[in-house]
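Welcome to a short tour. Please open your viewer and get ready to select a few things one after another.

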Amino acid sequence: MAAAARVLLNGQVFEISLNESVFSWKSLRLRNSPSAAAARGGRGEGENQSVPVSEIIAVCKTEVAGTCKESGRWQKMTSTTTSFTPEQILHDFTVYYVQRSKEHHWCCAEVTFYCSDQLLCNQWVQALQRRLDLQGVRPKNLLVFINPFGGKQLGKHIYDKKVAPLFQLASITTEVIVTEHANHARDHLAEVDLRIYDGIVCVGGDGMFSEVIHGLICQTQKIAGIDQNDPNSKLVACSLRIGIIPAGSTDCICYATVGVNDPVTSALHIIVGDSQPMDVSSVHHNNTFLKYSVSLLGYGFYGDVLKDSENNRWMGPSRYDFSGFKTFLSHQCYEGTVLYLPATETLGNPRDESRCTAGCYVCQYSGKLLDLSNNKQELKHVAEEEDWKVVKGKFLAINAANMSCACSKSPMGLSPAAHLADGTIDLILVRKCSRFNFLRHLIRHTNKDDQFDLAFVEVYRVKQFIFTPKYSEEDNIDIRDIGKNLFGQFCSDHPACGCSQVNSNWNCDGEIIEHAAVEVRVHCQLIKLFVRGIEHSTQKTS
Ligand SMILES: CCCCCCCCCCCCC/C=C/[C@@H](O)[C@H](COP(=O)(O)O)NC(=O)CCCCCCCCCCCCCCC
Ligand SMILES: Nc1ncnc2c1ncn2[C@@H]1O[C@H](COP(=O)(O)OP(=O)(O)O)[C@@H](O)[C@H]1O
Ligand SMILES: [Ca+2]
């Protein structure tokens, strides 16, 4: 078929064209004609536009009953090659495509072209459809989990109203499971035959995503015969991609990988088949596997906020503000030793002011190193130089950020320069300081000031760390007893104002880990998401 043709759009004659990767429509209107001026109004449909085939969502043909009302326009064009009459304009097709709007939002735009004859219309629909069929990265069959109780309990509504219609438009088939209890998705994924799916979608928050990765990673290791309890096991990467439809409380994993937590934007990234590798940290205690983490592993402040907030789930997302305020006032610090292995082979450092964005070269570099090490067929991680560092002290917070952890509360995140897929975590140690200083540190998460530029805050880019609390876990009893037993008086870090534990617990992507002593290791690019990373501002984002 011809690579270009004339059609009507908004009563104007347009030339549409299609090459290997781009579909375009160009106005052939006469300059300065009244109709041309009219077409310039509205939402820019009178302008020349092009859309990469990779961002076309669907093309649909619709039979038009009747004739085109705006017949006069065609007569103006008869001096060109246009020869059809209004009565012949009976067929149209609609192209649905990705349109970018502010702050990394994507929406589904549509444009309908009226053709002079059925053959032309069919030819264009087929040509576009053939191009779409060649987009091999797009998922065709998805397994969807919906947590009906995440966030504001709108998960099912969001999926049914905003996401399912887009999947249907894009001819994606789905099997939808609305979870009935916690760990439903995890347990299902650990057992089910996943070969029929092209991806998994979770509708919920970070906790729901955590369930999904646990099921998927566990099944993958089981099939590969990998022992997850061995902290030194080299884990096998999961082949299925995961999509997140944000419907939780913090939605930090979505926000930090897309730039916004918007269900339609995330659905469109899934439809176009984006793919972004992601690091995963494994958490062990005494050679026993506990959990995987993708966003934040937080001991002290964020562990305590989470623990308290679980009692107030009925408050919805604002439970974190309430518990955050309470935890801030309690001002507990925790004593222990952190051993860490600095990341030496990767590019970048936590204070280099870079941002991990779509096509990030730091992550690509780590991906190449990973390929090289995979080719060596090592069964276990072998640390090239075991140069462990030690930090001891009293900490208000120990945060391990596997990614920036950007979210609406903190648009730059806990560690703004952290990377999604570089095989490292940023270990942030906040030592004991006054409430006022801790507040200064917290407030800097909400503005552009550097939260690490404070004497009591340290940050290291690491690939492994071990935390050992000062008091062994068996001693994690009421502080009053500790105070009496060890010092004969109450410890000044834990005034008898209601605080009670000598040890905190870990917040692992919003799930509680009760153990304080942990060994954490990053597994570079273990999973993949249906995202592309945060797009640059030149891509019409701000
Ligand atoms: C004074 C204001 C200070 C605001 C400081 C905000 C820092 C926010 C950093 C957030 C990092 C989030 C990391 C992600 C964690 C999520 O995986 C995880 C699970 O998400 P899900 O519920 O969607 O499943 N979410 C969380 O653990 C929630 C952490 C939220 C912490 C909020 C802390 C609010 C602190 C308010 C302190 C107020 C002090 C006021 C003093 C006058
Ligand atoms: N049907 C269900 N009933 C109760 N809990 C569930 C259900 N489905 C998932 N969960 C659990 O709910 C918790 C929070 O889910 P999440 O979607 O992250 O919401 P939020 O962001 O509000 O915390 C997770 O720990 C998850 O395991
Ligand atoms: Ca990382």
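A word to learn first: a residue is called buried when its relative accessible area is under 20%, and exposed when that value is over 50%. Keep in mind as you look around that this is a predicted model.

**Stop 1: the calcium ion.** Select ligand 3, the calcium ion, and show the residues that coordinate it: Asp-279, Asn-402, His-419, Asp-422 and Thr-424, at 2.3 to 2.8 Å. Asp-279 and Asp-422 each use OD, while Asn-402, His-419 and Thr-424 each use O. Are Asp-422 and Thr-424 buried or exposed? Colour the pair and look: both are buried. Along the sequence, the donors follow the spacing D-x122-N-x16-H-x2-D-x1-T.

Stop 2: Now select ligand 2 and display the 20 residues around it. Those that come nearest are Gly-151, Thr-179, Gly-205, Glu-211 and Ser-249.

**Stop 3: contacts with ligand 2.** Zoom in on the oxygen atoms of the ligand. One lies 2.9 Å from a side-chain N or O atom of Asn-147. A backbone N or O atom of Gly-207 is 2.8 Å from an oxygen atom of ligand 2, and a polar side-chain atom of Glu-511 is also 2.8 Å from a ligand oxygen. On its own, ligand 2 has 570 Å² of accessible area, and the protein covers 87% of that.

Stop 4: Finally, colour domain 2 (138–273) and domain 3 (279–373 + 387–472 + 498–523). Ligand 2 lies between them, because both give residues to its shell.

Notes. Residues numbered from 1 in each chain as written. Chains lettered and ligands numbered in written order. Predicted model: local features only at pLDDT ≥ 70, side-chain atom pairs only at ≥ 80, totals over all residues. Heavy atoms only, no water. Near = heavy atom within 4 Å. Polar contact = N/O pair within 3.5 Å; in protein donor to acceptor, adjacent residues only side chain to side chain. Areas by Shrake-Rupley, 256 points an atom, 1.4 Å probe, with all protein chains shown as cover. Domains from an automatic or database assignment. Donors = N, O, S within 2.8 Å, 3.2 Å for Na, K, Ca; no water. Buried < 20%, exposed > 50% of the residue type's maximum accessible area, 1.4 Å probe, protein only.
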